[in-house]
Amino acid sequence: RAETVSTMQRNQRVVLVVCAVAVMIGLVRLTLMIPTCAQRNDFAHYYVSSRALLDGENPYTVSLERRYARLGMEFDERIPNATNPPALLWLLAPFAALPPAIACIAWHVLQFAALGAILWLTWRLSRESLPATLLALGAVAFIFSNPLYWHVYHSQVQLLLGAMLLAAFWWQQKGKYNLACATIVAAGALKLFPLALLPWFVFASDDPIRAKLKRAALAGCFGLLLFAASGPLLWMEFASHALDVVTSNAVNRTFNFGLPSLLGNLTYAAYNFAPPDSAAQSSRRIGIVSGLLLIAIGYVACALGKRDRQLQFSLLCLVMLAGGATMWGHYLVLLVFPAAVAVMQVRNSTSLLPKALVGASLLMLLMAGTGTAPQLANFPMLNVLLHYLPLGAVLALAAILAGDLV
């Protein structure tokens, strides 16, 4: 028996070493992409928008095209002005003060540090339920996944948000509720959609209602402080100009996997991708309501189900993304920990079905953004539905977690 245990430990060490080497290779692969990222969206958009802010211009109304041309960056005519909240523009301002190439490297250093934080926190939160070898294999799969590839390709901000959300959950588990809520508010100031988690962070504790209301008041005060510090007038300009650009680019796109986007794209497909304005507007409103309803269902499951904080947090992360107006492929990097929780839930199941469902769902998420066969262009409705397999995967994981809760 001792020899068997020794062999198992030796095999485990070999697996961990192989996974560590694979992770390093994957990181080198991603790092080699960075030099070309400085010239294209989304980094170019971040950089130019924040540079306009530093120069005293209104980034939400001034045309950024000339700035793109002057810096030799690729301009996307669909996004002529800044589209991100003022807090994110200010976050990028120190980077925008640097030359573009250096700024891009510095930005990716921050994102890679956030990637490390996500993997470390996932390990700390999961190590008692999942073996180290399984977590290591999951890390390798994530490093080589499409969502992470596209995240680095576009120099996105979601890894930083993911690290903030997971750190907030870590602090919430440690009883540091105010710090957790402040972190969620800060994440929401950067990209808005994390605010969907704030009610859970405020009320998910055994404290008396008075303490929870005090926590909500403190979170609100911190939000007002961030609002004032980042510029109320800028927030008004963001609401007046940027949101229209964001919503107009949320539909008729194959890389947005959210539920509202699916409903909008099905409408476009039904009209051969040239719907009348009335149909497009109706589908947009229905999509928004459907997304909010999905998030509400997640909260109902948390309110009526057992007090398993990991399950609740993971479920709400899933429905937050699926119900949002935009769930671009690189947003899926936010689901590392919810994926680990889903694996925990089915690992010891005696039935093969939930294991197969979770496995297939995770595979679809890892491959998100691969597209569909060109021949399917002749079948627009089917083509749209197949493009949204990642959404189906997110909803399947959410259904499994909700079922375990209730």
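Student: What is the handedness of the crossing where H3 passes H6?

Tutor: In this predicted model, the crossing of H3 past H6 is right-handed.

Student: At what angle do they pack, and how far apart are the axes?

Tutor: H3, residues 43-54, and H6, residues 100-126, pack at an angle of about 115°. Their axes are 11 Å apart.

Student: How is H3 oriented to H6, then?

Tutor: The angle makes H3 roughly perpendicular to H6.

Student: Which residues make the contact?

Tutor: H3 contributes Phe43, Tyr46 and Tyr47, while H6 contributes Pro100, Ala103, Cys104 and Trp107.

Student: And how many of them are nonpolar, polar or charged?

Tutor: The contact of H3 with H6 has seven nonpolar residues, with no polar and no charged ones.

Student: Changing topic: at what angle do H14 and H15 pack?

Tutor: H14 (residues 259-270) and H15 (residues 277-304) pack at about 155°, and their axes are 8 Å apart.

Student: Are those two roughly parallel or antiparallel?

Tutor: H14 and H15 are therefore roughly antiparallel to each other.

Student: Is their crossing left-handed or right-handed?

Tutor: The crossing of H14 and H15 is right-handed.

Student: Which residues of H14 and H15 make that contact?

Tutor: From H14 come Leu259, Pro260, Leu263, Gly264, Thr267 and Tyr268. From H15, the contact residues include Ala279, Ala280, Ser283, Ile286 and Leu294.

Student: What does the contact of H14 with H15 have by class?

Tutor: That contact has nine nonpolar and six polar residues, and no charged residues.

Technical notes:
Residues numbered from 1 in each chain as written. Predicted model: local features only at pLDDT ≥ 70, side-chain atom pairs only at ≥ 80, totals over all residues. Heavy atoms only, no water. Axes fitted to C-alpha atoms, helices over the stretch in contact; angles between N-to-C directions. Helix = DSSP H or I, 4+ residues; strand = E, 2+ residues; numbered from the N terminus. Parallel < 35°, antiparallel > 145°, perpendicular 65-115°, else oblique. Left-handed = near helix turned anticlockwise from the far one by under 90°. Contact = heavy atoms within 4.5 Å. Nonpolar A, V, L, I, M, F, W, Y, C, P; charged D, E, K, R; others polar.
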